[in-house]
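Work through the exercises below with the structure in view. Each task is followed by a solution in steps.

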Amino acid sequence: DAKFKLRDVEVFYGENRAIKSVSLDIATNEVIAFIGPSGCGKSTFLRSLNRMNDSVESCRVKGTLELDGQDLYDPRQDVVELRARVGMVFQKPNPFPKSIYDNVAYGPRIHGLANRKSDLDDIVESSLRKAGLWDEVKDRLDATATGMSGGQQQRLCIARTIAVSPEVVLMDEPCSALDPIATAKVEELIAELSQSYTIVIVTHSMQQAARVSHRTAYFHLGHLVEVNDTSTVFTAP
Ligand code: ADP
Ligand code: ADP
């Protein structure tokens, strides 16, 4: 079953057509990587999947974009609810300047996912465990998140995203600001998360696409040029 069904998707910034007629299905629990040169539209495309572009005044999205058969751009769609279902992790780790605990508890609090403190504690712990961070932070949940290493901050941002039980996690070059060891940890995490979530990742690295994705899609000048099984792209005949 398709998680996303996209038909003739176009994204404009004013007169500039940044995404040109993209049609694609993204399957539930697949990891699909988007690669291509800088400025080819990868971020714009990714942001159209949870309406992150809504805040850009000049931006218009056209075509069919369905999530589980529902129109993402239906005016009745609650965008806050949509962004819980389709979470996003950014290039630069951007934890709130709050405690580690409060970063992860933020979404569940807003969405009313926990009635009692003990329920919230459970969500925070399980999210940090899923992000591979629990053992590193369990004794300092009250410490400020911005004091962590970059790699830890990025895994905290992943924990914050999954704390609201999304169906999809969008990742925009999630390792570009990280050192090689932190990158390897996040890549390992992506492989684990793919058991439970649909993951759409933008990367400029073919090697990263090869390591983490099931399918690789190429953008060039706003066109989706090719989509292939990653194993066939990177395996010599
Ligand atoms: P990246 O290639 O990592 O997406 P960019 O440098 O292209 O980073 O973009 C950084 C920010 O600037 C993004 O928020 C993007 O939306 C915005 N941006 C990019 N191009 C333009 C533009 N022509 N006009 C206004 N904002 C832009
Ligand atoms: P990529 O992520 O592949 O680097 P982007 O999606 O950031 O590409 O940019 C695609 C095109 O859209 C570029 O021409 C860029 O300048 C333009 N663009 C991106 N963000 C904005 C924005 N906020 N306002 C105007 N143009 C933008």
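**Exercise 1. Find the polar contacts of ligand 2, then describe its shell.**

Step 1. Start at threonine 44, where a polar side-chain atom lies 2.5 Å from an oxygen atom of ligand 2. A polar contact is a pair of N or O atoms within 3.5 Å; within protein, one must be able to donate a hydrogen and the other to accept it, and residues adjacent in sequence count only if both atoms are side-chain atoms.

The model is predicted: local features need pLDDT of at least 70, side-chain atom pairs count only at pLDDT 80 or more, and totals for chains, interfaces and linings use all residues. Residues are numbered from 1 along each chain as its sequence is written, chains are lettered from A and ligands numbered from 1 in the order in which they are written, and side-chain values use heavy atoms, with hydrogens and water left out.

Step 2. Lysine 42 has a polar side-chain atom 2.9 Å from an oxygen atom of ligand 2. At glycine 39 a polar backbone atom is 2.7 Å from an oxygen atom of the ligand.

Step 3. On its own, ligand 2 has 560 Å² of accessible area, and the protein covers 59% of that. Areas come from the Shrake-Rupley method with a 1.4 Å probe; for residues, only the protein chains shown count as cover.

Step 4. The residues around ligand 2 include Tyr13, Pro37 and Val56; a residue is near a molecule if one of its heavy atoms lies within 4 Å of it. Helix 1 (42-48) gives the largest share of this shell, three residues. By class the shell has five nonpolar, six polar and one charged residues. Here Ala, Val, Leu, Ile, Met, Phe, Trp, Tyr, Cys and Pro count as nonpolar, Asp, Glu, Lys and Arg as charged, and the others, Gly among them, as polar.

**Exercise 2. Which residues surround ligand 1?**

Step 1. Ser38, Ser43 and Gln91 surround ligand 1.

Step 2. A polar side-chain atom of serine 43 is 3.2 Å from an oxygen atom of ligand 1. The protein buries 21% of the 560 Å² that ligand 1 exposes when taken alone.

**Exercise 3. What is the strand order of the open sheet?**

Step 1. The four strands have the order 2-1-4-5, with antiparallel pairing. Strands (E, at least two residues) and helices (H or I, at least four) are DSSP runs, numbered from the N terminus, and two strands pair if DSSP finds at least two bridges between them.

Step 2. Strand 2 and strand 5 (70-71) are at the edges, each with a single partner strand, so one side of each has no neighbour in the sheet.

Step 3. Strand 1 (residues 2-13) pairs with strand 2 (residues 16-27) over eight bridges; leucine 6 has leucine 24 as its bridge partner in strand 2. In the hairpin of these strands, with two residues between them, glycine 14 takes a positive phi near 60°.

Step 4. Strand 1 also pairs with strand 4 (residues 59-67) over eight bridges. Phenylalanine 12 stands opposite arginine 60 in strand 4.

**Exercise 4. How many residues line the second largest pocket, and which are closest to its centre?**

Step 1. The second largest pocket holds about 210 Å³ of space.

Step 2. There are 17 lining residues, and Gly39, Cys40, Gly41, Lys42 and Ser43 are the closest to the centre of this pocket.

Step 3. On a 1 Å grid over the protein atoms alone, a pocket is an open set of points where a 1.4 Å probe fits, with protein on both sides within 12 Å along at least five of seven lines; lining residues have an atom within 4 Å of a point. Grid points are joined across faces, edges and corners, and a volume is the space filled by probe spheres set on the points.
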